[in-house]
Amino acid sequence: MNTQTLEQMKHLRFYGMHRAFNETLQAGSEQYTNDQLIAHLIQSEWDDRYNRKIERLTKAAKFRYKAIIENINYDLGRNIDKNQIQRFASCDFIKNEDNILITGSTGVGKSYIASAIGYQACTLGYRVMYFNTNKLFTKMKTAKADGSYLREINRLEKQDLLILDDFGLKTLDSVNRHIFMEIIEDRHGKHSTIIASQLPTEAWHQIIGEQTIADAILDRLVYSAHRINLKGESMRKKLKKNH
């Protein structure tokens with residue numbers, strides 16, 4: 001009977017329950033009362049599905065770094081408010097459809113912090129996508145050419161959190177400017193966006209170009225956003241010194 005039960009669990013894709021029940025049989029089921037055994041099996045199935053969901057979400061997000069909130073460096077010179085980061089870790093900013101802007105010179109840890117917040121969002125069940133901004137624009141231009149643009153833009157719109165890294169490395173041309181406007185417009189008041197950039201937000205207007213569109217984008221993106229302005233020495237240089 002136990003063999004049949006295990007096979008039925010696998011057939012029903014109760015993988016966590018299957019593993020827990022198999023382990024229980026090997027250890028001796030007398031360690032549990034009936035109520036405890038049922039609770040143990042259900043909890044194991046719950047944990048397994050939760051872990052697999054996080055794995056799916058983080059894989060789909062395609063983060064640049066494997067980053068977690070707990071490993072963020074709060075050295076005084078970095079200008080990071082630990083309380084602010086902990087508030088972001090609750091992901092209430094996603095519930096409130098708020099944006100986060102992370103600025104600072106190269107190597108100071110912008111991408112890591114953006115990825116850590118994104119990973120935290122995945123653990124709470126939110127859909128997240130991470131992009132290098134220039135690569136995203138290239139992808140969207142290709143989508144315009146092959147007819148998949150509408151599908152791609154809709155996919156971006158549906159993400160609970162969109163992370164655009166390395167924004168502003170190149171001045172936007174006309175096509176990228178309109179792509180960026182459409183992405184921000186679609187998400188405004190619906191979902192959250194994190195943008196990381198080497199440039200201060202005051203310089204973004206020039207990077208976007210075309211005053212009317214730049215004004216529209218920045219109005220939706222910048223003025224009510226949460227800010228992290230990183231300072232200090234490059235973290236990559238620090239790591240090299242320490243080795």
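1. **Before you start.** This is a predicted model, in which local features need pLDDT of at least 70, side-chain atom pairs count only at pLDDT 80 or more, and totals for chains, interfaces and linings use all residues. Residues are numbered from 1 along each chain as its sequence is written, and side-chain values use heavy atoms, leaving out hydrogens and water.

2. **The sheet.** In what order do the strands of the open sheet run? The order of the 5 strands is β2-β3-β4-β1-β5, with parallel pairing. Strands here are DSSP runs of E with at least two residues, helices are runs of H or I with at least four, and both are numbered from the N terminus. Two strands pair if DSSP finds at least two bridges between them. In general, strands of a sheet pair through backbone hydrogen bonds, either parallel or antiparallel. At the edges are β2 (128–132) and β5 (226–229), each pairing on one side only. From one strand to the next, the twist averages 10°.

3. Look at β1 (residues 100–103) and β4 (residues 192–197): they pair in the parallel sense over 4 bridges. Leu-101 stands opposite Ile-195 in β4. Helix α4 (residues 82–89) packs on the sheet and touches β1 and β5, where contact means heavy atoms within 4.5 Å. The direction of α4 makes about 130° with that of β5; axes are lines fitted to C-alpha atoms, for helices over the stretch in contact, and angles run from 0 to 180 degrees between N-to-C directions.

4. **Aromatic rings.** The whole structure holds 5 aromatic pairs. Rings of Phe, Tyr and Trp (its six-membered ring) pair if their centres lie within 6.5 Å; planes under 30 degrees apart are stacked, over 60 edge-to-face, and the rest tilted. Phe-167 and Trp-204 have ring centres 5.1 Å apart and planes at 70°, so this pair is edge-to-face. Phe-167 lies in β3 (residues 161–167) and Trp-204 in helix α10 (residues 204–208), so the pair ties together parts 37 residues apart in sequence. Phe-137, Phe-167, Phe-180 and Trp-204 form one aromatic cluster.

5. **Buried or exposed?** Phe-167 is buried, at 1% relative accessible area, and Trp-204 is buried at 0%. Buried means under 20%, exposed over 50%, and partly exposed in between (1.4 Å probe, protein chains only). Thr-123, in helix α6 (residues 110–123), is buried too, at 15%. Not counting residues up to four places away in sequence, Thr-123 touches Tyr-50 and Ile-54.
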